[in-house]
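This report describes selected features of one structure: a helix and its surroundings, the domain arrangement, salt bridges and backbone torsions. Please consult the sequence and the model alongside the text.

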Amino acid sequence: MTAIVGQNAPTKHSELLAWVEEVAALTKPDAVRWCDGSDAEWKEFTDLLVDRGVATRLNDEAKPNSFYFRSDPTDVARVEDQTFICTETEDGAGPTNNWSDPAEMKQTMGKLYDGCMKGRTMFVVPFCMGPIDADDPKFGVELTDSEYVVISMKIMTRMGKDALAAMGTDKPFVKCLHSVGHPIADGEQDVAWPCNDTKYISHFPETREIWSYGSGYGGNALLGKKCYALRIASAMAHDEGWLAEHMLILELTSPENKKYVVCAAFPSACGKTNLAMLEPTIPGWTVKTLGDDIAWMRFGEDGRLYAVNPENGFFGVAPGTGYHTNPNAMRTIEKGNSIFTNVALTDHGDVWWEEMTSTKPKHLTDWHGKSWTPDNGEKAAHPNSRFTTPIDQCPILSEDFNNPKGVPVDAILFGGRRASTIPLVAQSRDWNHGAFMGATCSSETTAAATGAVGVVRRDPMAMLPFIGYNANDYLQHWVNIGEKGGDKLPAIFFVNWFRKSDQGKFLWPGFGENSRVLEWVINRLEGKAEAVDTPAGAIPAEGSLNVDGLSLTEEDLAAATRFNAEEWKQEVPLIEEWFDKLGDVPQALRDELDTLKQNLS
Ligand code: GTP
Ligand code: SPV
Ligand code: MN
C-alpha cells in the first residue's frame, strides 16, 4: 500500500502523505488515486459510472453532461441520530448534540473502517472551502471510496490540484474520512448505491477531523458541506471570533441603484435556495446570488461583518423547483454539468420532480426505478431529491462571489416553517433581541433529515443539527459578536413564509413575492418604512408593505402579517421549555425572554 501512496503522490505535504498512508493501511483499498479535479477526470469518472450502470447519462439536448443517480431507498437524507460531536468532555458537545468520547468513537469506527475499502479505490480529494486566494484559506482533504462523492465534490467545492498546490508542504487542513462501508469481496458484484445500515457521521472539532461511515447521501458524505463548513467551522469560528452559519447570501439592488447584502438562516428545506435566487416581482429591484446554504462571516477592517460562501455549487431540493417558483435555479441546471439524485426520469432521458411543471408527464420512471403514471398516487421524486450544480452557471451570480474578502452584510433574516404565530416579518429591537429571535427559531421538520416530518422543533439560528460544540456557548458567541460589532452590525429580522389559514393553505404567496418583504427590510434600514412595535418585534404598519399588484385578499394579508397576542402567550411556555432544555442559556437571552413576558402581560 505504501508504494501506491508514495509513488504517485502529487504533493510533498508530509502530514497529508502520512495520513493517506495510515488510512489506506486501515481501510485496505485495492488502489489509491489522487484526484486533480480536471474535466478529464470528471469525464473518466462519469463514463465509468455510466458503463457500470450506476449512473444514467441524461439526454444531452436537455441537460448536457449531466447524470442521474438513484440512491438506496434507505440512504436519502442526513441521519441526525447517528451524527456525533466527539469532544473531550460531554459538556463540549452540549445539550443538543449526540456526544461520544473521541477515543471510544475512534475505536468503534476504527473497527468498521478496517478493510472497509476492499475491492474499491480510495480517492484523495483535496479541496478548499472559500476562495483559494483568501488570506487564511480553509483547506480540507476528503478520503473516500465513492466516485459519486468525488464528482459531487468537484461541483460543490474548489477541488483538485489548485487546492493541493496551495496547501504547500505544511498548511493545515481538515482530515475528512469517508467510506460507504461496503467492501467488495473477490468475484462479488458491486451494487448501484453502496452504503451500510450502520452509519456514523462523527466530528472531532478539537482536532478538526471528520469520520463518516455508511452513507453516500450529500450531507453525510460530501464532507466539505455541513460537516466541515458548519460543524467544524463553527468551532473554528468560535475560537477565532467569526461566524459560520446556515445562511444564504444575496445582494439586492434598489431602484435608487443602491446595493445591500442580506443573509438568511432558514432550516433545511425551508426556502434558502429559493430566496437566494429570487426574481423580484416588484419593479426596480434586482437580486444577485452569492450563496444558498452556508455563510462564513468575519469582521472587516471597517468593523463590519463580511460574508463569504465557502461552497462552489448548489445542492438544492428538487421538488417545488420550477420556472414558476425558482426560474434561476432552472436556468442554472439547464446549462448541464449537473448531478440529479432521487428525482424521476422522463421517457426522453430528462429529469422531472413534483411541481417542476404545472402538468405532470404522462409517464415516468420514479426514484425507485419503477414505472410511474400521474394516477398511481405516489410521488415520482423523493421529497429530499436533489440537484447538484455549479454555482458559476447561475445567471444571477454576484460579481463578488469569488471575492475573498466577502461582502458587507446589511441585514440578517431568521426564518422557519410555522403554520401559526410567527408573522410574515418582524424587526428586532437590537442585536440581542435578534439573537433571541434566532435562538428561539422553530420550524416544522422536513424530509432533509430522516425522521418524522412536520413536527415543530426549536432550531436555533437554523443550526440545531450543525452546531459543532455546546449550543449555549454558541449562543453566547452570538451575544459576544454583538458586543464586539456594536452599531456596525447588520439589523436582524424574523420572517415566516409558511403561515397557514384555518383551511390549511399558505397565506402568503412566497417565492418572488418575498421581494416585497426584502423591500420592507431595506426601507426599514433607510428609515423609509413605518412599523408597529409588538412584543414579537416591529411589524409592518398598515400600508407600509408594498402590495401593489399582489393578488391577496385584505384578510389573508392581515392574517399573514399579524401579531397575535394569544398565540404568543402559548409560545412562551414552549420557549421556556426550550431554554430549560438548553440549561445554561446566556443571561442576555434570558433577559430577552423576561422582556417578552413583560410585554405580553
Ligand atoms: P436545504 O438545501 O435543505 O438547506 O433547503 P433550503 O432552505 O435551501 O430550501 P429550498 O429553497 O430548497 O426550499 C425547500 C422547499 O420549500 C421547496 O420545495 C420550495 O419549493 C419550498 N419553498 C421555498 N420558498 C418558499 C416560499 O416562499 N413559500 C412556499 N410556500 N414554499 C417555499
Ligand atoms: C440541508 O439538509 O440543510 C442541506 C442538504 O442543505 S445536506 O447537504 O444534506 O445537509
Ligand atoms: Mn441546508
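Helices (H or I, at least four residues) and strands (E, at least two) are DSSP runs numbered from the N terminus. The model is predicted: local features need pLDDT of at least 70 and side-chain atom pairs count only at pLDDT 80 or more, whereas totals for chains, interfaces and linings use all residues. Residues are numbered from 1 along each chain as its sequence is written, chains are lettered from A and ligands numbered from 1 in the order in which they are written, and side-chain values use heavy atoms, with hydrogens and water left out.

The residues of α3 that are buried (under 20% relative accessible area, with exposed over 50% and partly exposed in between; 1.4 Å probe, protein chains only) are E41, W42, F45, T46 and L49. They lie on the same side of α3, because they cover an arc of only 120° around the axis, the arc being that of the directions from the helix axis to the C-beta atoms. D39, A40 and D51 are exposed on the other side of α3. G53, with a positive phi near 80°, follows α3.

## Domains and their interface

The protein chain is divided into domain 1 (14-55 + 79-241), domain 2 (244-312 + 400-600) and domain 3 (314-393); these bounds come from an automatic or database domain assignment. Between domain 2 and domain 3, the C-alpha centres are 28 Å apart. Their contact (heavy atoms within 4.5 Å) takes 16 residues from domain 2 and 14 residues from domain 3.

About 1200 Å² is buried between domain 2 and domain 3, with 60% from carbon and sulfur atoms; buried area is the accessible area (1.4 Å probe) that two parts lose on being put together, summed over both. In domain 2, M277, E279 and A447 lose the most area to domain 3, together 40% of what that side buries.

## Salt bridges

The structure holds 35 salt bridges, each defined as a side-chain nitrogen of Lys or Arg within 4 Å of a carboxyl oxygen of Asp or Glu. One is found across the interface of domain 2 and domain 3. E279 and R331 form a salt bridge with their closest N and O atoms 2.9 Å apart.

K63, buried at 3% relative accessibility, forms a salt bridge with D350 at 2.9 Å between the closest N and O atoms. This pair links the loop between β2 and β3 with the loop between β20 (344-346) and β21 (351-352), 287 residues apart. K63 also meets E334 in a salt bridge (4.0 Å, N to O). K225, K226, K272, D293 and E311 are linked in a network of salt bridges.

## Positive phi angles

Most residues other than glycine have a negative phi. R208, in the loop between β10 (200-204) and β11 (209-213), has a positive phi near 55°. R208 counts as partly exposed because its relative accessibility is 21%.

A462, also not a glycine, has a positive phi of about 55°. A462 is located in the loop between β29 (456-458) and α13 (471-485) and is buried, at 1% relative accessibility.
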